[in-house]
Amino acid sequence: MPRPIRMPQPGQMTEECTVLEWFKQVGDVVSKGDVLFEIETDKSNMEVEAFDEGTLLRIDAAVGSTVPVDTVVAWIGQPGEAIPDQAAAAPASAAIVSPSAGTAQTARSPSLSPSQIGAYPSHAGAYSTGRRLAISPRASRVAAELGVDPPSVTGSGPGGRIVERDIRAATKADAATRTEGGEPLSRIRQVIARRLTESATTIPHYTVTVAIDMTGLVDLRRDLKSQGSPITVTDFIHAATVQALVELPLVNSRTDGQTLWRREQVHLGVAVSIPDGLLVPVIRDAQTLSVAGLHDRIATLVEAARSGSLGPDELSGSTFTVSNMGMYGVEQFSAIINPDESGILAVSSIRPEPAVIGDGIAIRQMMRATLSADHRLVDGELGARFLNAIRSRLEDAGTFRTQV
Amino acid sequence: GQHSQSLESIFAHLPGLIIIYPSTARDAKGLLKAAIRSDDPVLFCESQALYAVRGEVPDDGDVVVPIGKAHVVREGADATIVAWGPAVLDALSAADEMAGDGVECEVIDLRTLVPLDMETVLTSVRKTGRCVVAAQAVLVGSYVNEIVARVVNEAFDDLDAPVARIGAADGISPQPESLEKVYLPNAGDIAAAVRGLI
């Protein structure tokens, strides 16, 4: 098998040398130590000896040619041997291998591949507090393995550093509070959860309650029923609310804390309870409807809500919502404002109560109504005025006698 | 004095040499046999401070201790102390002291500095998450730092705390014994280092 003869590297910085003369010709026998050729380096001339024995088979670097160090300049072997493809003669490395290198271990540490470095999420600097999270690498790794969120953990290490034991303590605490056998919430429940959480956390709520004497309207309702009219007390409550919103449009409007969107059209949301949760169908332009009109519209919407056939237009765009729990015998409650609204009216049961009328006590049909309002837009005074606007319309049964 | 100026770090820096540094009579005998039988150049370090320390040696006269294999002298799950030479005895004292505080230290006697048995060291650090590397050599430029660097690079995600280093003060070993005691690291320094990692 022919062996290559390479241009040596006489100096550390030498990159190429020039062949000055060949002392052996193709076909000559070469012994170890024979001078093969002479080269001119950047510093001086040098004779190159043969380290191999055999017959010089081929010269690749002719006299006068300048070749880079380590390039093959000639081939030596047995006469008649075929010289391999130049491409196969890859440059040899510059290291001199000593016989005992195998036993004397080189102190080379295995380098960390880029994919290994930072394999675990770095929590430092990722949080809005603007401070790097002090956590040890081991704790980071264990947190990733156990699904623990490091910023939620208090560190007990030096300087408040989160260390492994803190992560493990957190998982124990989690496991203790978690109940067994959880199941996913239905889609509608998840939507409710999301929307109400958004309201509860972004709208500053306050509540104000009035007690409304519904005696007159209860009587009116009875009269209407006996005449075959389907109109209920709830319809009066809706109508009174719509009228109060027209009177005090700020309660019908909305803000994000920086901008005010004034709304004059009242699109009344009516909370309807359905088996799996809650829907709020919307009566658009409620201010254009009479009490009877409101009644018909609500009846249609409630029917559609219960049969699950409400369209998206009917479920969005409300400017104010009424939530009625009167049918459940509750004394008073406060509701959570729907997103994009500034208030919600929580209507409780009508119950006979003793009340002061003039100088005496009488039994009256009393109902409490609680307004939850967005304090960014609706101050206490406005909220109270709004409730009183509703109350005055409901307590003066005469208002509605003429509207039906 | 001169004999407590530890120079094994300089030796370890020269490629091709095997550096051995036993801390017990048994290892000294077994490793010297191994060194003689090896065809490689070996620098066999003996600490004068350990000459007076007695220890059990096997009855079988031909026990050879393998070059390049560290020895876990004491097992523990809370912290790893890697040491050689006289520092091994200090490490064991420190481990006893820490055990009183409920911290169990694993003590590894490297025995051979070159080639380095990182496998034993890393297995231990992955278990404990905390590491102290101790030797009597001046800390600046000490071979201690080679092991610290390797531990940080190869077991980063297993570390619950930085890696602590123990060594002598940056100076020439003093002649008077009283000053030499101050100059050299001791068991208390190692225990304090472990405490700082918890």
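Asp219(A) and Arg222(A) are both located in helix α4 of chain A (residues 215-226), where three residues, about one turn of the helix, separate them; helices (H or I, at least four residues) and strands (E, at least two) are DSSP runs numbered from the N terminus. In this predicted model, local features need pLDDT of at least 70 and side-chain atom pairs count only at pLDDT 80 or more, whereas totals for chains, interfaces and linings use all residues; side-chain values use heavy atoms, with hydrogens and water left out. Residues are numbered from 1 along each chain as its sequence is written, and chains are lettered from A and ligands numbered from 1 in the order in which they are written. The side chains of Asp219(A) and Arg222(A) meet in a salt bridge with an N to O distance of 2.6 Å, a salt bridge being a side-chain nitrogen of Lys or Arg within 4 Å of a carboxyl oxygen of Asp or Glu. Asp219(A) counts as partly exposed because its relative accessibility is 29%; buried means under 20% relative accessible area, exposed over 50%, and partly exposed in between (1.4 Å probe, protein chains only).

Chain A as a whole contains eight helices and 18 strands, and buried residues make up 38% of its 404 residues. The average pLDDT of chain A is 85, and 86% of the residues score at least 70, pLDDT being the predictor's confidence in each residue, from 0 to 100. Over residues 88-129 of chain A, however, pLDDT stays under 50, and for this stretch the model has 38 contacts beyond four places in sequence, where contact means heavy atoms within 4.5 Å. Of the contacts in chain A with a separation of 6 or more, 58% are accounted for by residues 24 or more positions apart. The accessible surface of chain A comes to about 22,600 Å², and 52% of it belongs to carbon and sulfur atoms; accessible areas come from the Shrake-Rupley method with a 1.4 Å probe, and for residues only the protein chains shown count as cover. Ser392(A), in helix α7 of chain A (residues 380-395), is partly exposed with a relative accessible area of 44%. Although Ser392(A) and Ala240(A) are 152 residues apart along the chain, their C-alpha atoms are separated by 8.9 Å.

Chain B has seven helices and eight strands. Of its 198 residues, 52% count as buried, and among contacts in chain B between residues at least 6 apart in sequence, 80% join residues at least 24 apart. Chain B exposes about 9,000 Å², of which carbon and sulfur atoms supply 55%.

Five strands of chain B form an open sheet with mixed pairing, in the order β3-β5-β4-β7-β8, two strands being paired if DSSP finds at least two bridges between them. At its edges lie β3 and β8 (164-168) of chain B, each of which pairs on one side only. Neighbouring strands of this sheet are turned by 25° against each other on average, direction ignored; the axes are lines fitted to C-alpha atoms, for helices over the stretch in contact, and angles run from 0 to 180 degrees between N-to-C directions. Within the sheet, strand β4 (residues 79-83) of chain B pairs with β7(B) in the parallel sense over four bridges, and Ala83(B) stands opposite Ala134(B) in β7(B). Gln136(B) is also found in strand β7 (residues 131-138) of chain B and counts as buried, at 12% relative accessibility. Not counting residues up to four places away in sequence, Gln136(B) touches Ser6(B), Pro86(B), Ala87(B), Asp90(B), Ala168(B), Leu184(B) and Pro185(B).

A search of the whole structure finds 28 salt bridges over all chains. One of them is formed by Asp62(B) with Lys33(B), the closest N and O atoms being 3.8 Å apart. Asp62(B) lies in the loop between β2 (42-44) and β3 (71-74) of chain B and Lys33(B) in helix α2 (residues 25-37) of chain B, so the pair ties together parts that are 29 residues apart in sequence. Both partners are partly exposed, Asp62(B) with a relative accessible area of 43% and Lys33(B) with one of 21%.

The side chains of Glu104(B) and Arg74(B) likewise meet in a salt bridge, at 3.3 Å from N to O. This pair links distant parts of the chain, 30 residues apart, with Glu104(B) in the loop between α3 (86-100) and β5 (105-109) of chain B and Arg74(B) in strand β3 of chain B. Glu104(B) counts as partly exposed at 32% relative accessibility, whereas Arg74(B) is buried, with a relative accessible area of 17%. Elsewhere, salt bridges that share partners join Arg141(A), Glu145(A), Arg126(B) and Asp158(B) into one network.
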